[in-house]
Amino acid sequence: MAERAQYEELARQLSAVGAVKRDMGRILPPDCPTGSAAVLTLLGRHGDMRMSKLAELLSVDMSVTSRHVAHVAARGWIERHPDPADKRSRILRLTPAGLEQLDELSLRTTHLLAERLSDWTDDEVGQLIRLMTRLRDSFGDCRSAPPRHASATAAPVFEETTRTPAST
């Protein structure tokens, strides 16, 4: 098992990932802020869904989700259709324009990563992917369950956290 100092350093390094995410946010088109990009990304990854499912995946409340959805719908990137199972609910679906926007976001992100990691070997990039995937798997679905190894006496690593929609 790793030493406490290693976990403390890991916590610092994970905090610094915010700088990477902010840099990735700077390359987004002006009419597609991070919340809108997250909506498009999740619909592209998971397919059509209800707004409640999207809010859960974004880890934000329905009012925030509604604003993001209104923004992407106003640009013609998604459609809202009545849910056949519950006419009060809406099913969100990417449009062809939304798929084009999602492709553009993917190109921009891929280009940025290729540029910033140009001095990394293919093996190093692969190792980073494997380790980040493993880290994520170790935490499970943080939206719906408490940490698997939570201790009532464990001190929190961060005093304040902020939620940002990830291009999960």
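## Contacts and confidence

Contact here means heavy atoms within 4.5 Å. The model is predicted. Mean pLDDT for the protein chain is 86. A score of at least 70 is reached by 83% of the residues.

One stretch calls for caution. Over residues 145-168, pLDDT stays under 50. The model has 18 contacts beyond four places in sequence for this segment.

## Overall fold

Six helices and three strands make up the secondary structure of the protein chain. Their order along the sequence is α-α-β-α-α-β-β-α-α.

Residues 24 or more positions apart supply 54% of them. Of the 168 residues, 24% count as buried.

## Helix α5

Helix α5 covers residues 96-116, 21 residues in all. From first C-alpha to last, α5 reaches 30 Å, close to the 30 Å expected at 1.5 Å a residue. The buried residues in α5 are G98, Q101, L102, L105 and L112. They span an arc of only 100° around the axis, so they sit on the same side of α5.

What covers this buried side? The cover includes α1 (4-26), α2 (34-46) and β3 (86-94). The other side of α5 has P96, E100, D103, L107 and H111, which are exposed.

## Helix α4

Helix α4 runs over residues 62-74 and has 13 residues. Its end C-alpha atoms lie 18 Å apart, which agrees with the 18 Å that 1.5 Å a residue should give. T65, H68, V69, V72 and A73 are buried in α4. Their arc around the axis is only 130°, which puts them on the same side of α4.

The buried residues of α4 pack against α2, α3 (51-58), β2 (78-83) and β3. On the other side, R67 and A74 are exposed. Just after α4 comes G76, with a positive phi of about 80°.

## Shared partners

Notes. Residues numbered from 1 in each chain as written. Predicted model: local features only at pLDDT ≥ 70, side-chain atom pairs only at ≥ 80, totals over all residues. Heavy atoms only, no water. Helix = DSSP H or I, 4+ residues; strand = E, 2+ residues; numbered from the N terminus. Expected span 1.5 Å × (residues − 1). Buried < 20%, exposed > 50% of the residue type's maximum accessible area, 1.4 Å probe, protein only. Arc of directions from axis to C-beta. pLDDT = per-residue confidence, 0-100.
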